[in-house]
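Colleague: I'd like a close look at one part of this model, with whatever you can say about its surroundings. Here it is.

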Amino acid sequence: MSKGAPENVPTNREIMKQIHDRFEALDVDGDGKLSLEEALAALPNLPVETFSLIDADGDGSLTLDELKEYLKISGCFGCIKRLFVKDLLVSAGGDLLLAGLGLALLGAATLRRRTL
């Protein structure tokens, strides 16, 4: 038997956007917890292993506090950590490089005009 392509494990950014930020809407039964089925409604590719890792108390459901702890967005600087600055820089790295190259070309063109 050959193994298929590895399942796409959602990133923390996806978990944040799809589950944490929509927690109340996903909590269909209004019990303040998300079951595996409710979490899978937002992220169908969420592996059971990841769900179990987030479920710190092992009760088979996720609370908002468990999500915050897993995503490391609780505490005094939670709002800053929510920005996922590292993820943002990695995803925008190509854009920053192109912007830098554009500015360098603009500077070179300006210098060339001044010397003519």
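Colleague: Which residues does Leu46 touch, not counting residues up to four places away in sequence?

Modeller: Leaving out those sequence neighbours, Leu46 touches Pro10, Ile19, Ala39, Leu40 and Phe51, where contact means heavy atoms within 4.5 Å. Before going on, a word on the ground rules: this is a predicted model, so local features need pLDDT of at least 70 and side-chain atom pairs count only at pLDDT 80 or more, while totals for chains, interfaces and linings use all residues. Numbering runs from 1 along each chain as its sequence is written, and side-chain values use heavy atoms, with hydrogens and water left out.

Now for the setting of Leu46. The protein has 7 helices and 2 strands, taken as DSSP runs numbered from the N terminus (helices: H or I, at least four residues; strands: E, at least two). Along the sequence the pattern reads α-α-β-α-α-β-α-α-α. Of contacts between residues at least 6 apart in sequence, 55% join residues at least 24 apart.

Leu46 belongs to the largest nonpolar core, which has 16 residues. Such a core is a set of buried Ala, Val, Leu, Ile, Met, Phe, Trp, Tyr and Cys residues joined through side-chain atoms within 4.5 Å. Buried means under 20% relative accessible area, exposed over 50%, and partly exposed in between (1.4 Å probe, protein chains only). Leu46 is listed among the residues with the most contacts inside the core, together with Ile15, Ile19, Leu34, Leu62 and Leu67. The elements giving two or more residues to it are α1 (12–20), α2, α3 (36–42), α4 and α5 (64–71), and α1 gives the most, with 3 residues. As background, nonpolar side chains in soluble globular proteins tend to be buried together. For the protein overall, 24% of the 116 residues count as buried.

Stepping over to strand β2 (residues 61–62), you'll find Ser61. Ser61 counts as buried because its relative accessible area is 9%. Beyond its neighbours within four places in sequence, Ser61 contacts Lys33, Leu34, Phe51, Asp55 and Glu66. There's also the side chain of Asp59, which reaches the backbone nitrogen of Ser61 at 3.0 Å.

Asp59 sits in the loop between α4 and β2 and is partly exposed, with a relative accessible area of 35%. Asp59 also forms a salt bridge with Lys33, with the closest N and O atoms 3.4 Å apart; the rule asks for a side-chain nitrogen of Lys or Arg within 4 Å of a carboxyl oxygen of Asp or Glu. Since Lys33 lies in the loop between α2 (23–26) and β1 (34–35) and Asp59 in the one between α4 (48–54) and β2, the pair ties together parts 26 residues apart in sequence. Lys33 is partly exposed too, at 32%. By that rule the count comes to 1 salt bridge. The C-alpha atoms of Asp59 and Ser35, 24 residues apart along the chain, are separated by 9.5 Å.

For contrast, look at helix α7 (residues 85–115), where Leu97 is found. Leu97 counts as exposed, at 55% relative accessibility.

Technical notes:
Polar contact = N/O pair within 3.5 Å; in protein donor to acceptor, adjacent residues only side chain to side chain.
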